[in-house]
Amino acid sequence: MNSEEIIDVFQKKGMRIEIGATYSAKGQIAQLINGVNEITDRACEWKYDDDGYFHTGCNYDYALVDGTLEDNRHNFCPKCGGRIVEI
Ligand SMILES: [Zn+2]
């Protein structure tokens with residue numbers, strides 16, 4: 001997710017995030033926390049294939065050297081940052 005997509009999420013939630021804008025630090029921090037919660041609450045569906053790779057919902061191929069996602073403590077997608085949901 002790039003900065004423009006993040007700003008889009010903020011703005012869709014009714015937040016006043018604009019590049020170069022000057023609001024109170026407290027207000028901006030509160031808006032950022034709310035926005036981050038929205039962003040990190042997304043899921044990324046990972047499907048394991050016979051080729052040894054997980055194919056992710058955000059169009060990424062990912063392989064583990066050994067073990068399961070849980071064994072390797074993988075909770076979030078390294079590409080999009082979404083919560084991994086194995087399907
Ligand atoms: Zn992803």
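**Entry 1: Asn-59**

I began with Asn-59 and counted 8 C-beta neighbours inside 10 Å, so I wrote it down as exposed. This is a predicted model, so my notes describe a prediction. Asn-59 sits in the loop between E2 and E3. I then looked up its backbone: phi is positive, about 65°, although Asn-59 is not a glycine.

**Entry 2: Arg-73**

Arg-73 belongs to the loop between E3 and E4. Is Arg-73 buried or exposed? I put it down as exposed, because 7 other C-beta atoms lie within 10 Å.

**Entry 3: the chain as a whole**

I stepped back to get my bearings. The protein chain has two helices and four strands, and from the N terminus the elements run α-α-β-β-β-β. I noted 87 residues, of which 6% count as buried. I also checked contacts between residues at least 6 apart in sequence: 40% of them join residues at least 24 apart.

**Entry 4: confidence**

Before going further I looked up pLDDT. The mean for the protein chain is 83, and 84% of the residues reach 70 or more. Where is confidence lowest, and where is it highest? I found the lowest mean, 74, in helix H2 (residues 25-40), and the highest, 97, in E2. I kept that in mind for my notes on H2 below.

**Entry 5: the sheet**

In what order do the four strands lie? I read E3-E2-E1-E4 in an open sheet, with mixed pairing. Strand E3 (61-62) and strand E4 (83-86) are the edge strands, each pairing on one side only.

I went through the pairs next:

- Strand E2 (residues 54-56) and E3 run antiparallel and are joined by two bridges. I picked out His-55, whose bridge partner in E3 is Asp-61.
- E1 and E2 are antiparallel too, with three bridges. Here I noted Trp-46, whose bridge partner in E2 is Thr-56.
- Strand E1 (residues 43-48) pairs with E4 in the parallel sense, over four bridges. For Cys-44, I found the bridge partner Ile-84 in E4.

A reminder to myself while looking at the side chains: in a regular strand they alternate between the two faces of the sheet.

**Entry 6: the E1-E2 hairpin**

How many residues lie between the strands of this hairpin? I counted five between E1 and E2. I also noted Gly-52 in this hairpin, which takes a positive phi near 90°.

**Entry 7: Met-15**

Now to the helical part. Met-15 lies in the loop between helix H1 (3-12) and H2. I got 18 C-beta neighbours inside 10 Å for Met-15, so it counts as partly exposed. To be buried it would have needed 20 or more.

What does Met-15 touch, leaving aside its neighbours within four places in sequence? My list has Phe-10, Gln-31, Asn-34 and Gly-35.

**Entry 8: Gly-27**

I moved on to Gly-27, which is in helix H2. Gly-27 has 11 C-beta neighbours inside 10 Å, so I marked it as exposed. How far is Gly-27 from Met-15, C-alpha to C-alpha? I found 9.9 Å, with twelve residues separating the two along the chain.

**Entry 9: Val-36**

My last stop was Val-36, also found in helix H2. With 14 other C-beta atoms within 10 Å, Val-36 is partly exposed. I looked up its spacing to Phe-10 as well: 26 residues apart in sequence, and 8.8 Å apart in space, C-alpha to C-alpha. Phe-10 had already come up in my notes, as one of the contacts of Met-15.

Key
Residues are numbered from 1 along each chain as its sequence is written. This is a predicted model: local features need pLDDT of at least 70, side-chain atom pairs count only at pLDDT 80 or more; totals for chains, interfaces and linings use all residues. Two strands pair if DSSP finds at least two bridges between them. pLDDT is the predictor's confidence in each residue, from 0 to 100. A residue is buried if 20 or more other C-beta atoms lie within 10 Å of its own, exposed if 12 or fewer, and partly exposed in between; C-beta atoms are placed from the backbone. Two residues are in contact if their C-beta atoms, placed from the backbone, lie within 7 Å.
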